[in-house]
Amino acid sequence: MTAAQLLPLAVAVPLLGAVTLALAGRLLPRLGCDILATAWASADVVLLAGLWHCSSRGTQVNWVGAWKPTGGEGVGIVLVGDRIGIGLALLITVLILAALLYAWRFFEEPPAGHRGTFPALILLFEAGMCGFALTGDLFNAFVFFELMGAVAYALTGYHVEDPRPLQGALTFGVINSLAAYCSLMGIALLYARTGELGMAQIGRHLAGHSADALIVVAFVLVLTGLLVKGAMAPFHFWLPDAHAVAPTPVCMLLSGVMVELGVYGAARVYWTLFSGPGGIPAHAMRDVLTSTGVVTALLGAVMCWQQRHIKRMLAFSTISHVGLFLVGISLLSPQGVTGTALYVAGHAGVKAALFALTGVLLDQHGSVDEHSLYGRARELRRSAGIMFVLGALALAGLPPFGTGLGKALTEHAAGEFLGWLPAVFVLTSAITGATVLRTAARVFTGAGGRPDATAGAQTRGDHEEPEVRDPGRPVPAPMLVVPALLLAGSLVLGLLPGPVTALTRAGQLFTSRAAYLAAVGLAPTNQPAMPVVTPVAPPVVWTGEGIALGLLSTILAAALAATALWGPALQGAAAHRLRGLAAAVTQRLVAPLRSLHSGRLGDNAVWLATGVAVLLVAFSTLVQP
Amino acid sequence: MNLLGPLPYLVAGWLLLVGVYGLVTSRNLIHAVGCLAVAQSSTYVLLLTVGFRRGGTAPVYSDTSPRSVVVDPVVQALALTDVVVGATVTALLLALVIQLHNRHSTIDPDRLNALRG
């Protein structure tokens with residue numbers, strides 16, 4: 001039995017677990033269900049860790065049912081596990097385990113007969129995400145995409161007692177499915193042109209034609225689904241609505257890894273399908289996606305700063321970071337991919353930990369509103385408070401957290417493409433870090449003036465339906481241990497040289513189309529079967545520049561948070577004038593931006609259509625046949 | 001290439017656009033989920049058109065000669081999978097709408113306005 005033969009288990013094991021739990025939930029008590037779910041998720045982690053270890057020997061490929069293509073053509077389905085794909089699947093399984101552990105004592109007693117529903121849905125979600133990360137077949141990517149989508153809609157609307165989760169889940173479901181159907185149209189067009197569904201095969205067949213209108217339309221349609229999942233402006237409107245209302249363990253998964261899968265998909269589709277001759281020229285891809293990423297990062301940061309609903313704030317921070325990830329992969333360099341992969345892993349730990357800590361606040365105080373929680377969580381400041389501050393600093397990119405290292409590597413690669421891109425990284429991560437820092441200071445220590453509880457915000461966070469109706473109880477241990485472990489994991493990623501070394505090689509493999517073709521057995525005939533990967537320079541870990549920029553954005557974040565906390569109380573004419581200026585900017589620029597986030601289903605659909613049109617115009621202009 | 005020239009492609013595009021238009025203007029969530037299904041049906045039309053061959057018969061060889069011209073079976077399998085996916089999503093979304101109606105007695109998307117800004 002080789003590692004490649006184990007590849008389908010990454011999807012099959014969680015699927016089997018979901019079925020088992022759905023059935024066992026009818027018989028077992030709650031504790032039994034929780035133990036079974038945790039054991040199953042741990043087995044998945046072990047399996048993927050083993051695959052990750054084996055993938056150091058090369059890309060693992062499995063033609064399911066041994067339906068190999070003959071003469072370069074066939075209808076078989078392939079799973080391809082390169083280091084980036086398997087690494088992402090490993091990240092997914094780790095976060096799933098964290099979310100399940102966190103949920104041990106999180107929900108109130110589920111109704112008898114349905115105790116296994118929640119863990120079963122989580123495992124189904126895992127199967128969809130792992131499948132999406134590992135598939136080498138474009139149509140299967142669509143199916144896994146819809147599988148994880150459908151489970152995510154159900155999990156978002158898990159609390160049917162409250163209208164808000166239902167609204168969030170409906171918007172999420174309709175917009176994501178519509179986008180997925182756009183992707184499917186693109187896949188159908190590609191099949192019409194090439195007669196293939198495998199990613200590598202399509203890429204190989206495209207080389208025979210020039211990039212005409214059909215290819216551009218197909219590319220934009222496929223990209224639409226992925227960018228909607230990745231919440232890129234103007235496709236991001238569903239994300240804050242869904243993340244603000246989903247149960248906390250689900251938020252950890254949605255923000256931590258599902259959204260990032262959209263970016264991964266975009267990179268995978270570009271490199272395997274469209275990076276060769278007859279595809280989309282690199283400059284078009286780079287220009288369009290870098291601009292999209294920068295706009296998204298800035299928009300997410302500005303909107304994050306404006307929020308008082310903590311989950312919604314973290315959701316906008318995710319949008320901002322995913323924008324940075326898109327910039328990282330659209331540099332189209334191995335260094336960009338390596339940095340982004342590390343950034344995604346570090347961010348997943350930190351963001352999941354922050355959501356988990358927000359869940360503690362919700363559990364203890366029945367609110368996730370920054371203003372009404374002012375100073376109310378003082379008794380938690382030594383446990384949750386310290387972790388919240390650490391999470392905020394890690395979000396800003398404090399060395400030696402994994403986020404800091406990922407940011408430094410991506411920033412460096414971005415700076416080589418455009419000199420001002422690192423400034424965007426520093427600024428946006430500082431703003432999102434500052435927002436979380438501000439919240440931590442207000443909620444856990446009561447720093448600064450008491451915020452005006454009625455001012456501004458359109459989405460508040462008080463009057464939340466508490467997820468547990470037992471407010472007097474002490475914080476359950478898993479709810480504090482899980483975020484601590486997640487933060488520690490993010491720290492380890494930045495400290496140990498192992499992950500960086502592995503991901504440096506993985507980035508080179510990911511951006512080598514020849515290596516992918518060779519791995520699935522479709523090497524171009526006039527080239528050597530095993531591509532020669534250029535000798536790797538020793539991986540760069542921490543550089544002086546990276547540490548300096550990481551510290552800069554951390555200091556900037558602290559300064560911004562301090563301004564927000566104590567700025568309103570400052571005396572003097574200069575402070576008064578600055579406050580007036582800030583108020584005018586908020587009134588003129590930010591308020592219209594906020595009113596765009598209307599949460600209406602119709603508006604979401606309009607933005608989706610607009611975004612597709614803009615992408616079509618942009619790519620048609622840039623791609624000259 | 002095709003029996004009807006570019007007409008099926010135009011129909012697919014039209015269905016997608018008309019579905020999106022319905023979603024944009026919808027005042028009823030059941031109608032909105034229906035519009036999503038309309039938009040999805042464009043993918044069925046497109047997939048089946050892509051695999052069409054003039055004079056082709058169904059890709060079942062039990063009662064025809066193996067050398068007879070058949071339409072592409074791959075896209076039919078894809079369309080079938082697509083139908084399954086669509087049924088799942090539609091059922092799930094309609095279940096959410098029913099919950100909304102039962103517990104909050106509204107199915108007007110404009111009355112759901114708790115999430116803004």
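Colleague: How far apart are the end C-alpha atoms of residues 73–98 of chain B?
Modeller: They lie 37 Å apart, and that span is 100% helix and 0% strand. Helices here are DSSP runs of H or I with at least four residues, strands are E runs of at least two, and both are numbered from the N terminus. This is a predicted model, where local features need pLDDT of at least 70, side-chain atom pairs count only at pLDDT 80 or more, and totals for chains, interfaces and linings use all residues. Residues are numbered from 1 along each chain as its sequence is written, while chains are lettered from A and ligands numbered from 1 in the order in which they are written.

Colleague: Which feature does UniProt place at residues 73–98 of chain B?
Modeller: The unreviewed UniProt entry places "transmembrane region" there, and also at residues 6–24 and 29–53 of chain B. UniProt positions are in the numbering used here, feature names are shortened, and annotations may be inferred rather than shown by experiment. Residues 6–24 of chain B are 95% helix and 0% strand, with end C-alpha atoms 27 Å apart.

Colleague: And how many residues of chain B are in contact with chain A?
Modeller: 39 residues of chain B are in contact with 42 residues of chain A, where contact means that the C-beta atoms, placed from the backbone, lie within 7 Å. On the chain B side, helix 1 (7–25), helix 2 (29–50) and helix 3 (73–104) are the elements giving two or more residues. Helix 3 of chain B has the largest share, with 15 residues.

Colleague: What classes of residue are on that side of chain B?
Modeller: The side of chain B that touches chain A has 24 nonpolar, eleven polar and four charged residues. For those classes, Ala, Val, Leu, Ile, Met, Phe, Trp, Tyr, Cys and Pro count as nonpolar, Asp, Glu, Lys and Arg as charged, and the others, Gly among them, as polar.

Colleague: Switching to chain A, what domains does it have?
Modeller: The assignment gives domain 1 (1–135), domain 2 (151–278 + 575–625) and domain 3 (281–451 + 489–566); these bounds come from an automatic or database domain assignment. The centres of domain 1 and domain 3 of chain A, taken over C-alpha atoms, are 26 Å apart.

Colleague: How many residues of those two domains are in contact?
Modeller: 16 residues of domain 1 of chain A are in contact with 16 residues of domain 3 of chain A. Strand 2 (78–81) and helix 4 (83–102) of chain A each supply at least two residues of the domain 1 side. Helix 4 of chain A gives the largest share, seven residues.

Colleague: Is Ala231(A) buried or exposed?
Modeller: Ala231(A) counts as buried, with 30 C-beta neighbours inside 10 Å. Buried means 20 or more other C-beta atoms within 10 Å of a residue's own, exposed means 12 or fewer, and partly exposed is in between, with C-beta atoms placed from the backbone.
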